Amino acid sequence: MKVDLTSSNPALESIFSNPNQIITLDANFLIPPDRSKYAKVSFDFDVFKRIWIEPILEAFPNLAIHEAVYDEFKSTSLKLYVDTNINANPTKLIVHKDSSLTMEEQILRNSIEGKTYPLTKYDPMLDNKDDRGEVKSLSYIAVKGLPYFAAHDSNAIQLIEKAETWRTGLDNVQAIKMYELIFYLYKTNNSNNKSLKMLYKYQYYLTKQEKNINPEWGKFIEAMVSLYPVV
């Protein structure tokens, strides 16, 4: 995935101003990345939890997932950890449930889902798992007026950023990328910087192609500081 440093993201600026807003997560923000095809090492759940999941749960008190994203969790360790945070009092992870939608909201949700799913691998007739979580999440938050969707999936991000061109009905949704929250944690000292550097490299600076299109860690931080000088 390309790291876009051409302009600032209003969604990230808003999150810096008020981290208490609801941010809905795609599954890849909680499932450890597996790029073992390109790397000698990989992130197991305990490492990913320590350097990424726990810091974002600490930094943002109103993180959320859609129930369809919950269904994507297969790892017993991950499900137990997520359940613990969902059931905490107060909860540390909100679950969006379609049963909370009114009849009018359900009609609108179905309309938006009908516009987005043809641009994904999800087919409502089959109710298959491919891209199901992001289609359900995006449709839900668009109806509920929850603006922020955090994802590390280029197609999910394009559904939002090309909403007008692709007519996805997601015009009121804003994307937040993983590298932007990596920078947030770095800037606010909410995680170990050495670990954040390792995660950034693993996600964005691992292959020859990525090294051609994305900056290395130091230049990435320098560019982000320039884009967000007042945070």
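Reply: Counting rings as paired when their centres lie within 6.5 Å, there are 18 aromatic pairs in this predicted model. Let's follow one of them. The rings of phenylalanine 16 and tyrosine 228 have centres 6.4 Å apart, and their planes meet at 40 degrees. Planes under 30 degrees apart would count as stacked and those over 60 as edge-to-face, so this pair is tilted. The two partners come from distant parts of the chain, 212 residues apart: phenylalanine 16 belongs to helix 1, whereas tyrosine 228 sits in the segment after helix 12 (217-227).

From phenylalanine 16 we can move on to a helix that meets both helix 1 and helix 12, namely helix 9. Start with helix 1 (residues 10-17), whose axis is 11 Å from that of helix 9, at an angle of about 30 degrees. Angles under 35 degrees count as roughly parallel, and these two helices are therefore roughly parallel to each other. Their crossing is right-handed. On the helix 1 side, Leu12, Ile15 and Phe16 take part, and they meet Glu180, Leu181, Phe183, Tyr184 and Lys187 of helix 9.

Now turn to the contact between helix 9 and helix 12. Here too the axes are 11 Å apart, but the angle is about 80 degrees. An angle from 65 to 115 degrees counts as roughly perpendicular, which is why helix 9 is described as roughly perpendicular to helix 12. From helix 9 come Tyr179, Glu180, Ile182, Phe183, Tyr186 and Lys187, and they meet Trp217, Phe220, Ile221, Met224 and Val225 from helix 12. This contact has 9 nonpolar residues and 2 charged ones, and again no polar ones.

What else does helix 9 lie across? Helix 9 (residues 178-187) lies across strand 4 and strand 5, and runs at about 65 degrees to strand 5. These strands belong to an open sheet of 5 strands, ordered 3-2-1-4-5 and paired in parallel. Strand 3 (94-96) and strand 5 (174-177) are the edge strands, each pairing on one side only. From one strand to the next, the twist averages 35 degrees. In general, strands of a sheet pair through backbone hydrogen bonds. Inside this sheet, strand 1 (residues 23-25) runs parallel to strand 4 (residues 148-151), and 3 bridges join them. Leucine 25 stands opposite alanine 150 of strand 4.

Asparagine 89 and proline 90 are joined by a cis peptide bond, with omega at about 0 degrees. That proline 90 lies in the loop between helix 4 (76-86) and strand 3. The other detail is aspartate 127, which has a positive phi of about 50 degrees although it is not a glycine. Look for aspartate 127 in the loop between helix 5 (103-116) and helix 6 (132-144).

Key: Residues are numbered from 1 along each chain as its sequence is written. This is a predicted model: local features need pLDDT of at least 70, side-chain atom pairs count only at pLDDT 80 or more; totals for chains, interfaces and linings use all residues. Side-chain values use heavy atoms; hydrogens and water are left out. Two strands pair if DSSP finds at least two bridges between them. Helices (H or I, at least four residues) and strands (E, at least two) are DSSP runs, numbered from the N terminus. Axes are lines fitted to C-alpha atoms, for helices over the stretch in contact, and angles run from 0 to 180 degrees between N-to-C directions. Contact means heavy atoms within 4.5 Å. Angles under 35 degrees count as roughly parallel, over 145 as roughly antiparallel, 65 to 115 as roughly perpendicular and the rest as oblique. A crossing is left-handed if the near helix is turned anticlockwise from the far one by less than a right angle, and right-handed if clockwise. Rings of Phe, Tyr and Trp (its six-membered ring) pair if their centres lie within 6.5 Å; planes under 30 degrees apart count as stacked, over 60 as edge-to-face and the rest as tilted. Ala, Val, Leu, Ile, Met, Phe, Trp, Tyr, Cys and Pro count as nonpolar, Asp, Glu, Lys and Arg as charged, and the others, Gly among them, as polar.
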